[in-house]
Amino acid sequence: MRKILVVSLVALLALSIIISFPISAEEVKTITITVWTIGPDPPSEYRLENFYIAADMLNKYLEILGANIRVKIEGEFFVRPVEWEEYKKKFYLAYEAGKAPDIYLTGHEDVGFLAEEGMIIPLDEYIKKFWNTTYYDVISTLWEAVKHKGRIWAVPQDTEARPLYFRKDVLRELGWSEEEIEALPEKIERGEFTLYDLLKVAKEAVDKGLVKRGLVHRVKEGWDYLQFYLGFGGRLWDPEEGKMVFSQEAWKKTLKWFYDAVWGEYKGVIWPGQFSKDWDKDFHLPITKGEALFCSGGTWHKAEWIKKGLLTEEEFWNNIGFALHPAGEPGKKPVTLSHPLIYTITSQAKERGVDEIAFLLITLVTDPHINSYHAVASAHLAILNSQILDSRYVQDPFLRDVAYMLKYTTFIPNHPKWADYSRIVFETIRAVETGELGPEAAYEHLLESLKEALGDILKIEP
Amino acid sequence: MPTLGFRYNTSRRKSYLAAFLVPSLAVIFMFFLVPVLLTLLISLTKMRFSFRWEWVYLGNYVKMMHDRWTPKILSNTLLYVFSTLTLFNVGTGLLISIITNHINEKVGAAFRAIWLLPRITPSTVYALMWLWAIREEPSALFNWILTSLGFEPIKWLWYNPPINWLVIIAVNGFVGASFGMIIFTAALKSIPEDYIRAAKVDGASTWQVVRHVELPLMKWPIMFVTAYQTLSLLTSYEYILLVTDGGPGLYTTEVWALYSYHRAFSQYAGGGELGYGAALSTILVIIGLIMSVIYWKVFRLEELMVEPKIED
């Protein structure tokens with residue numbers, strides 16, 4: 001009896017060992033590509049998802065061709081509460097540890113820094129291979145955003161416009177007719193409704209108690225509020241000289257405008273604590289609940305508000321209008337600002353020998369249909385000319401209606417020292433809003449600090 | 001019976017000493033000396049997040065002298081350290097320990113336990129609770145108290161330096177008071193009962209007991225806490241970061257340690273001046289060392305370390 005038990009146990013053991021070895025006809029080689037992306041707005045998940053879609057497609061091709069190789073994506077998509085600062089720091093530390101991803105999504109303003117530090121590789125040669133099939137179609141102005149010192153360092157992933165949102169229902173209560181409300185975006189486009197007209201209307205609404213705040217804008221450092229400076233005719237970048245620009249008149253007027261909106265003639269339009277870092281309390285909720293009249297936002301906010309359940313599609317179209325950011329004064333032009341995000345390939349990907357495959361995936365993703373998954377879901381704008389023919393893209397009324405804004409758009413500079421310009425501008429505007437500095441003192445502070453930080457990379461013009 | 005010291009020869013004794021001391025020395029070396037050395041070295045570079053050692057030697061220190069904000073931030077730091085120290089870390093700590101020592105033991109212990117809560121609450125949770133309590137709506141906690149008493153609600157986090165500093169000092173002070181409280185309570189409890197009884201027999205009131213018996217005997221703990229907490233406050237910045245982030249205006253409540261953090265780690269567009277931040281931190285280390293020496297001399301702390309004059 002015992003002998004039978006022992007023999008059968010040994011047989012079972014042997015069998016299990018044999019079974020656990022997979023019987024495969026051939027070995028399948030898997031290449032893993034790591035991708036890091038960020039929203040931080042949740043609807044932008046297609047920035048990563050598109051890679052899964054592309055890899056899936058690629059693997060299907062490989063299977064059909066009988067190739068024993070597959071591509072696997074290991075991706076990360078970061079959303080709020082993770083913010084850009086943490087995301088970028090994570091990348092730098094990972095790079096230092098030799099663990100940088102192969103594909104790194106970031107804002108185009110980092111191109112200068114990343115290129116000069118050798119963290120990313122130039123893509124001119126790679127793009128040439130697929131120019132005639134894919135890259136010729138990229139909207140040409142976007143290539144400017146990814147160039148540094150004459151070479152191309154990244155592939156554009158998306159862009160957006162930053163509209164001025166306004167509450168139609170509040171304007172109705174102010175006595176505006178439907179025609180006047182519908183005509184407002186065109187009036188702004190023609191330069192007939194300026195930033196001071198905006199303050200007038202907002203102050204009226206606040207004084208009548210229709211809204212608690214006239215205008216809400218972003219609650220932390222960023223680039224949206226630069227549009228007021230651009231509206232007064234200011235410039236940020238001189239491409240010929242490769243310098244950042246300080247337009248004196250424009251800054252004087254911008255700071256005075258901010259002061260007037262918070263403490264001066266139009267007191268109460270902008271709330272002194274607007275830079276509170278609390279997106280929900282001081283940005284999303286006021287505009288979506290009708291407690292603010294104007295909102296200096298981005299096209300992606302529409303998708304974010306709907307995804308968060310703050311508005312339905314119907315409520316958005318009934319109650320919220322959108323236009324360019326107005327010109328500062330008669331004679332100036334309305335503006336919007338675009339901040340293209342870009343896919344870069346890290347130099348560590350090249351060291352690992354997967355740079356070509358990573359680029360192949362980026363090429364697959366730079367497709368009018370796949371990119372439109374992202375554009376429509378997150379209300380970002382097309383990067384390819386033929387995207388406007390994509391059935392999903394063209395059917396989205398919002399994207400169709402904001403497309404005209406790209407004619408008036410600008411980018412922030414790609415320079416590595418842009419961070420200093422940005423920080424000093426943010427501090428100064430915040431000081432004006434909190435009441436610490438008056439417009440003249442703020443202007444002096446801004447000029448002196450920028451001169452000190454940037455030296456001769458700053459071009460000062462009248 | 002011979003004492004232990006006679007049974008072991010010197011080298012064995014030395015190896016025991018080494019075995020006991022080496023772990024702590026290793027920890028101090030790894031987590032204190034090495035970082036200080038690295039910070040010093042980084043401060044001589046203009047390192048950014050590319051982690052390249054680009055030597056500028058004393059360039060960052062020169063930059064610091066021309067930085068338009070360093071005078072204001074220095075005065076902010078001194079205001080912050082000495083106000084919090086006197087009002088809360090030493091002042092309130094002393095007050096709590098004396099009062100809780102003179103009331104019912106259980107009640108006193110309960111109060112001291114409550115006062116420990118800010119220190120043991122995770123800093124983000126603690127800061128969030130404060131932010132909730134000081135919201136500007138009249139129904140928020142502090143404004144509700146004010147309006148109930150007939151005062152106007154205060155906008156605590158709007159630009160108003162005296163109010164902003166009050167908030168910062170309170171937020172840090174409530175945490176800091178507990179350290180002094182623990183030390184002072186232990187000191188009070190170690191005062192021989194006989195002194196108190198003798199004073200009471202002589203007709204001393206509680207206040208006189210406190211003033212003439214307890215406080216003089218607490219000289220050493222008070223000086224120790226002052227010295228220790230000065231250094232601790234010099235380098236603390238996390239609550240300020242969480243509550244006002246150095247604001248609300250231009251560096252309104254920014255202290256030196258927080259400025260170093262901001263310049264090194266907190267740039268929106270991804271650039272961080274690690275070299276300059278390290279230089280700012282090094283200055284803090286130097287200030288700390290100088291303060292330590294000053295306290296050592298002024299408070300004659302060496303006398304705390306002498307051999308007791310009583311034979312055992």
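In this predicted model, chain A is divided into two domains: domain 1 covers 29–160 + 339–409, and domain 2 covers 164–337 + 417–461. The C-alpha centres of domain 1 and domain 2 of chain A are 30 Å apart. Where the two meet, domain 1 of chain A contributes 17 residues and domain 2 of chain A contributes 16 residues. On the domain 1 side of this contact, α17 (368–378) and α19 (397–402) of chain A each provide at least two residues. By class, that side of domain 1 of chain A, the one touching domain 2 of chain A, consists of nine nonpolar, five polar and three charged residues.

Helix α17(A) also packs against another helix of chain A, α2 (residues 46–64). The axes of α2(A) and α17(A) come within 9 Å and cross at roughly 155°. An angle over 145 degrees counts as roughly antiparallel, and α2(A) and α17(A) are therefore roughly antiparallel to each other. The crossing of α2(A) past α17(A) is right-handed. From α2(A), the contact takes Tyr46(A), Arg47(A), Asn50(A), Ile53(A) and Ala54(A); these meet Ile370(A), Tyr373(A), His374(A), Ala377(A) and Ser378(A) of α17(A). The residues in this contact of α2(A) with α17(A) comprise six nonpolar, three polar and one charged.

Chain A also contains an open sheet of four strands, ordered β8-β11-β7-β12, in which the pairing is mixed. The edge positions belong to β8 (213–216) and β12 (320–323) of chain A; each has a single partner strand, so one side of each is left without a neighbour in the sheet. From one strand to the next, the twist averages 20°. Strands of a sheet can pair in either a parallel or an antiparallel sense, through backbone hydrogen bonds. Here β8(A) and β11 (residues 292–296) of chain A pair in the parallel sense, over three bridges. Within this pair, Arg213(A) has Ala292(A) in β11(A) as its bridge partner.

Helices pack on this sheet. One of them, α9 (residues 195–207) of chain A, touches β8 and β11 of chain A, and its direction makes about 135° with that of β8(A). Another, α12 (residues 279–288) of chain A, touches β7 (164–167), β8 and β11 of chain A. The direction of α12(A) makes about 120° with that of β8(A).

Chain B has a secondary structure of 14 helices and zero strands. Its C-alpha trace spans about 70 × 70 × 30 Å along its principal axes. One helix pair within chain B is formed by α5 (residues 105–120) and α8 (residues 161–189), which pack at an angle of about 135° with their axes 7 Å apart. At that angle, α5(B) and α8(B) are therefore oblique to each other, and α5(B) passes α8(B) in a left-handed crossing. On the α5(B) side, the contact is made by Arg112(B), Trp115(B), Leu116(B), Pro118(B) and Arg119(B). On the α8(B) side, the residues are Phe174(B), Val175(B), Ala177(B), Ser178(B), Met181(B) and Thr185(B). Classified by type, the contact of α5(B) with α8(B) has seven nonpolar, two polar and two charged residues.

Finally, the two chains touch each other: 15 residues of chain B are in contact with 24 residues of chain A. The side of chain B that touches chain A has nine nonpolar and six polar residues, and no charged residues.

Conventions: Residues numbered from 1 in each chain as written. Chains lettered and ligands numbered in written order. Predicted model: local features only at pLDDT ≥ 70, side-chain atom pairs only at ≥ 80, totals over all residues. Domains from an automatic or database assignment. Contact = placed C-beta atoms within 7 Å. Nonpolar A, V, L, I, M, F, W, Y, C, P; charged D, E, K, R; others polar. Axes fitted to C-alpha atoms, helices over the stretch in contact; angles between N-to-C directions. Parallel < 35°, antiparallel > 145°, perpendicular 65-115°, else oblique. Left-handed = near helix turned anticlockwise from the far one by under 90°. Pairing = 2+ DSSP bridges.
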